[in-house]
Amino acid sequence: MAVTVKTPSVKAAPLDVARIRKDFPILSQSVRGKPLVYLDNAATSQKPRQVIDTMARVFEEHNANIHRGVYEFSERTTAEFEEARAKVARLINAPSEREVVFVRNATEGLNLVAYAWGRDNIKRGDRIVTTVLEHHSDFVPWQQLAKDVGAEVAVVDIDDDGRLRRDQVSAELRRGAKLLAITHTSNGLGTVNPVKEIAAEARAAGATVLVDVAQAVPHTPVDVQDLGADFVAFSGHKMLAPPGSGGLWGRAEILESMRPFLYGGDMISRVTVKLTEWNELPWKFEAGTSSYVDAIGLGAAVDYLSDVGVERIHAHELSLVGYLLPRLREIPGVTVYGPKDLESRVGVVSFNIEGIHPHDVATIFDREGVCVRAGHHCNQPLMTRLGVPATTRASMYLYNTTDEMDALVRAIHAAKKVFGV
Amino acid sequence: MDDMYRDYILDHYKNPRNFGELEGATHTYHDSNPLCGDELTMQLKIDDGHVDEIHFTGKGCAISQASASILTEEVKGKTLDEVKAIDRDHVLANLGIPISPARIKCALLGLKALKGAAWGLTAWPGEEVKAK
């Protein structure tokens with residue numbers, strides 16, 4: 001088969017991966033006597049020393065609840081928490097940090113929009129346009145919202161290369177859409193969607209534009225203003241930060257118009273027996289004690305990513321994919337799903353080995369020290385579209401190496417040997 | 001080379017016993033394991049408290065399919081009381097391989113479908129449901 005491997009469009013100085021790896025204590029471990037090869041970064045990333053230390057320092061030196069105490073520890077912790085928000089705002093080029101709401105993860109951010117915006121703005125007969133590439137977290141909330149209010153969900157298909165059917169996107173938007181819910185980058189195939197031009201079309205059609213950037217922010221530069229989105233959501237744990245940290249960005253005027261999502265402490269400005277007035281943005285959406293140490297860890301992760309440079313990380317991942325794809329195609333019985341070249345994609349490679357179920361593949365890989373995801377990747381509509389129950393997925397990040405791509409290839413041969421295929 | 005994928009398991013996976021549609025089945029139950037997409041249907045011909053015939057169909061990982069295949073060999077010809085005595089630990093022991101925690105559900109899918117087919121239940125009456 002002819003293999004087209006285009007030069008990555010991103011030009012950037014190569015990463016000093018050996019040095020980067022020293023920042024990640026977990027990567028020096030062995031698994032069953034073999035060096036750990038961690039290729040499940042689309043599920044969650046590993047954490048650098050800088051993030052771990054930052055969080056430990058808060059606990060050890062000035063832990064106190066935020067926004068409440070008038071003593072020094074609380075003030076210091078609050079300042080670091082709000083500084084983390086400012087860092088996130090800069091990373092995604094949000095016009096104001098008031099528009100950045102800390103949430104547990106992308107799922108919570110997307111549900112926040114579905115409940116606090118969707119239930120007041122999506123009515124019977126309205127249309128929600130989404131895609132077959134969505135993670136369940138950007139699919140189930142809209143499916144259920146539509147069911148509750150009597151709206152319709154239109155799901156745009158992909159072509160055989162795993163790319164969105166642009167003609168269908170346009171056709172669905174022309175038919176009318178109140179909301180476009182679209183992923184920037186597919187967690188199942190690694191496809192990067194042309195979100196900017198689609199968002200412009202959607203806005204012209206009168207739709208509110210929500211972009212799931214959970215697989216984008218860790219791996220590619222994301223500029224919410226340039227994208228033309230109204231909402232974006234992402235998870236911290238996929239971008240070197242701890243689980244429990246994440247962000248929802250929304251345009252201020254929309255966030256202002258919305259009701260709160262969760263009610264409780266910190267999200268109020270005044271409570272009487274009869275009524276409650278809400279706090280200002282973004283705290284209106286942050287009820288209860290936030291995962292403030294996780295958020296501060298996210299701030300440290302943003303520092304780390306910014307220091308390395310997200311563009312360089314993207315270029316590095318593409319170089320790994322460019323190395324891996326032709327080697328996978330040489331192996332008889334291996335089918336790779338998704339984009340066949342390096343154009344508009346990230347370091348996610350989904351594949352199957354004929355005659356071996358992905359779970360068996362992943363179990364044998366584990367014996368080789370290689371951690372991958374096997375399953376439907378919270379992408380059941382996509383798996384159905386591909387006509388497979390599951391795939392094996394290798395997903396790369398800044399600390400992965402070409403040696404690890406070779407280890408992956410060796411693990412495939414090991415699995416084939418065990419199964420005699 | 002691999003504890004979990006002994007020849008015995010791979011043989012049952014590649015050449016499943018009692019595989020295919022069972023004509024004249026009196027009891028049929030389909031179950032699936034959504035995590036990995038394993039699918040399994042157990043079909044039984046039960047007469048006077050005996051399992052005269054048992055077939056299964058399905059697709060999925062080697063562990064789920066081999067475990068089901070091994071189970072059908074054991075169940076065939078047994079009385080329902082004997083079948084009822086087959087539990088989780090028995091199935092895992094029968095497999096004779098170390099099953100990692102993440103794969104337990106695969107190993108037990110056949111038993112779950114068997115219970116569903118024989119009793120219309122996914123747990124024997126009175127059996128404590130084990131934690132996931």
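Into which domains is chain A divided? In this predicted model, chain A consists of domain 1 (17–31 + 309–419) and domain 2 (51–307). The points below treat the domains, the nonpolar core, the sheets and the chain contact in turn.

**The two domains of chain A**

- The centres of domain 1 and domain 2 of chain A, taken over C-alpha atoms, are 28 Å apart.
- Contact between the two domains of chain A involves 23 residues of domain 1 and 24 residues of domain 2.
- On the side of domain 1 of chain A that touches domain 2 of chain A, the elements giving two or more residues are helix H11 (310–329), strand S14 (348–353) and helix H13 (380–386) of chain A.
- Helix H11(A) supplies the largest share of this side of domain 1, namely 5 residues.
- Sorted by class, this side of domain 1 of chain A holds 10 nonpolar, 8 polar and 5 charged residues.

**The largest nonpolar core**

- The largest nonpolar core contains 158 residues, and those with the most contacts inside it are Ile92(A), Leu180(A), Val232(A), Ala301(A), Leu408(A) and Ala415(A).
- Helix H10 (residues 292–308) of chain A contributes the largest share of this core, with 10 residues.
- Both domain 1 and domain 2 of chain A are represented in this core, each by at least three residues.
- Ala415(A), one of the residues with the most contacts inside the core, touches Ile353(A), Ile356(A), Val361(A), Ile364(A) and Phe365(A), when its neighbours within four places in sequence are left aside.

**The sheet of 7 strands in chain A**

- Chain A has an open sheet of 7 strands with mixed pairing, in the order S4-S10-S9-S8-S7-S5-S6.
- Strand S4 (100–103) and strand S6 (152–156) of chain A are at the edges; each has a single partner strand, so one side of each is left without a neighbour in the sheet.
- On average, and with direction ignored, neighbouring strands of this sheet are turned by 15° against each other.
- Within the sheet, strand S7 (residues 179–183) and strand S8 (residues 208–212) of chain A run parallel and are joined by 5 bridges.
- Leu180(A), named above among the core residues with the most contacts, has Val209(A) in S8(A) as its bridge partner.
- Helix H5 (residues 140–149) of chain A packs on this sheet and touches strand S5 (127–131), S6 and S7 of chain A. The direction of this helix makes about 150° with that of S6(A).

**The sheet of 3 strands in chain B**

- Chain B has an open sheet of 3 strands, ordered S1-S2-S3, with antiparallel pairing.
- The edge strands are S1 (27–33) and S3 (50–59) of chain B, each of which pairs on one side only.
- Neighbouring strands of this sheet are turned by 15° against each other on average, direction ignored.
- Strand S2 (residues 38–47) of chain B pairs with S3(B) in the antiparallel sense over 9 bridges, and Glu39(B) stands opposite Lys59(B) in S3(B).
- Helix H2 (residues 62–75) of chain B packs on the sheet and touches S1, S2 and S3 of chain B, its direction making about 170° with that of S3(B).
- Helix H5 (residues 104–119) of chain B lies across S1, S2 and S3 of chain B and runs at about 150° to S1(B).

Notes:
Residues numbered from 1 in each chain as written. Chains lettered and ligands numbered in written order. Predicted model: local features only at pLDDT ≥ 70, side-chain atom pairs only at ≥ 80, totals over all residues. Pairing = 2+ DSSP bridges. Helix = DSSP H or I, 4+ residues; strand = E, 2+ residues; numbered from the N terminus. Axes fitted to C-alpha atoms, helices over the stretch in contact; angles between N-to-C directions. Contact = placed C-beta atoms within 7 Å. Core = buried A, V, L, I, M, F, W, Y, C linked by C-beta atoms within 7 Å. Buried ≥ 20, exposed ≤ 12 C-beta atoms within 10 Å, placed from the backbone. Domains from an automatic or database assignment. Nonpolar A, V, L, I, M, F, W, Y, C, P; charged D, E, K, R; others polar.
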